[in-house]
Amino acid sequence: MAIERTLSIIKPDATKRNLTGKIVAKFEEAGLRVVASKRVQLTAAQAGEFYAEHKERPFFGELVAFMISEPVVLQVLEGEGAIAKNREVMGATDPAQAAEGTIRKEFALSKGENSAHGSDSEAAAAREIAFFFSGLELVG
Ligand code: RTP
Ligand code: MG
């Protein structure tokens with residue numbers, strides 16, 4: 001399988017509860033490597049543009065408000081099949097549906113406050129990495 005890069009966000013519910021290290025450890029244990037990392041406070045405009053695909057969904061306003069409620073940790077993860085692997089380690093969107101041992105099963109509070117984001121395709125990964133990081137910030 002090819003070496004890929006994917007965008008991960010440790011969401012406000014997790015940064016607020018000081019779970020950043022525990023979440024990064026799950027990715028590292030799965031063979032993913034952190035090749036870029038920064039902690040930022042998103043603006044509503046940035047969060048809205050990032051999640052633009054969900055603009056018409058009923059939870060969009062709530063999602064943007066949540067994503068700007070505390071700082072987030074933005075990371076680029078690299079590894080074999082990193083896009084799918086990241087999503088496997090995160091687990092299903094709704095923690096009630098997430099498999100044992102996944103980030104969302106262990107840490108998520110609800111379907112909305114679900115601790116982590118991961119790009120869902122190669123195209124999304126390319127767009128999302130470029131949205132938050134410049135080439136100079138990516139150190140393989
Ligand atoms: P993400 O994009 O954050 O990695 O999550 P995902 O692919 O598993 O889920 P997606 O369908 O893309 O939804 C994006 C985020 O919106 C929030 N959400 N809330 N209240 C709700 O019914 C609901 N549904 C989705 C979650 O934070 C979800 O991760
Ligand atoms: Mg998604």
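Q: Where does T93 lie?
A: In this predicted model, T93 is found in the loop that runs between α5 (82–90) and α6 (103–107).

Q: Which residues does the UniProt "binding site" annotation cover?
A: The unreviewed UniProt entry gives K11, F59, R87, T93, R104 and N114 under that annotation. The lining of the largest pocket includes K11, F59, R87, T93, R104 and N114.

Q: And what sits in the largest pocket?
A: Ligand 1 sits there.

Q: Which residues come nearest to ligand 1?
A: There are 13 residues around ligand 1, and Y51, T93, G112, N114 and H117 come nearest.

Q: What is the make-up of that shell by class?
A: The shell around ligand 1 consists of six polar, four charged and three nonpolar residues.

Q: How far is ligand 1 from polar atoms of G112, G118 and R104?
A: For G112, a backbone N or O atom lies 2.7 Å from an oxygen atom of the ligand. A polar backbone atom of G118 is 3.1 Å from an oxygen atom of ligand 1. In the case of R104, an N or O atom of the side chain is 3.2 Å from a ligand oxygen.

Q: How much of ligand 1 does the protein bury?
A: The protein buries 84% of the 560 Å² that ligand 1 exposes when taken alone.

Q: Changing topic, which residues does the domain annotation cover?
A: According to the unreviewed UniProt entry, "domain: Nucleoside diphosphate kinase-like" covers residues 3–140.

Q: How much helix and strand does the chain have over residues 3–140?
A: Over that stretch the chain is 40% helix and 20% strand. The end C-alpha atoms of residues 3–140 are 11 Å apart.

Key:
Residues are numbered from 1 along each chain as its sequence is written. Chains are lettered from A and ligands numbered from 1 in the order in which they are written. This is a predicted model: local features need pLDDT of at least 70, side-chain atom pairs count only at pLDDT 80 or more; totals for chains, interfaces and linings use all residues. Side-chain values use heavy atoms; hydrogens and water are left out. A residue is near a molecule or strand if one of its heavy atoms lies within 4 Å of it. A polar contact is a pair of N or O atoms within 3.5 Å; within protein, one must be able to donate a hydrogen and the other to accept it, and residues adjacent in sequence count only if both atoms are side-chain atoms. Accessible areas come from the Shrake-Rupley method with a 1.4 Å probe; for residues, only the protein chains shown count as cover. On a 1 Å grid over the protein atoms alone, a cavity is a set of points where a 1.4 Å probe fits but cannot get out, and a pocket is an open set with protein on both sides within 12 Å along at least five of seven lines; lining residues have an atom within 4 Å of a point. A molecule sits in a cavity or pocket if more than half of its atoms lie within 2 Å of its grid points. Ala, Val, Leu, Ile, Met, Phe, Trp, Tyr, Cys and Pro count as nonpolar, Asp, Glu, Lys and Arg as charged, and the others, Gly among them, as polar. UniProt positions are given in the numbering used here, feature names are shortened, and annotations may be inferred rather than shown by experiment. Helices (H or I, at least four residues) and strands (E, at least two) are DSSP runs, numbered from the N terminus.
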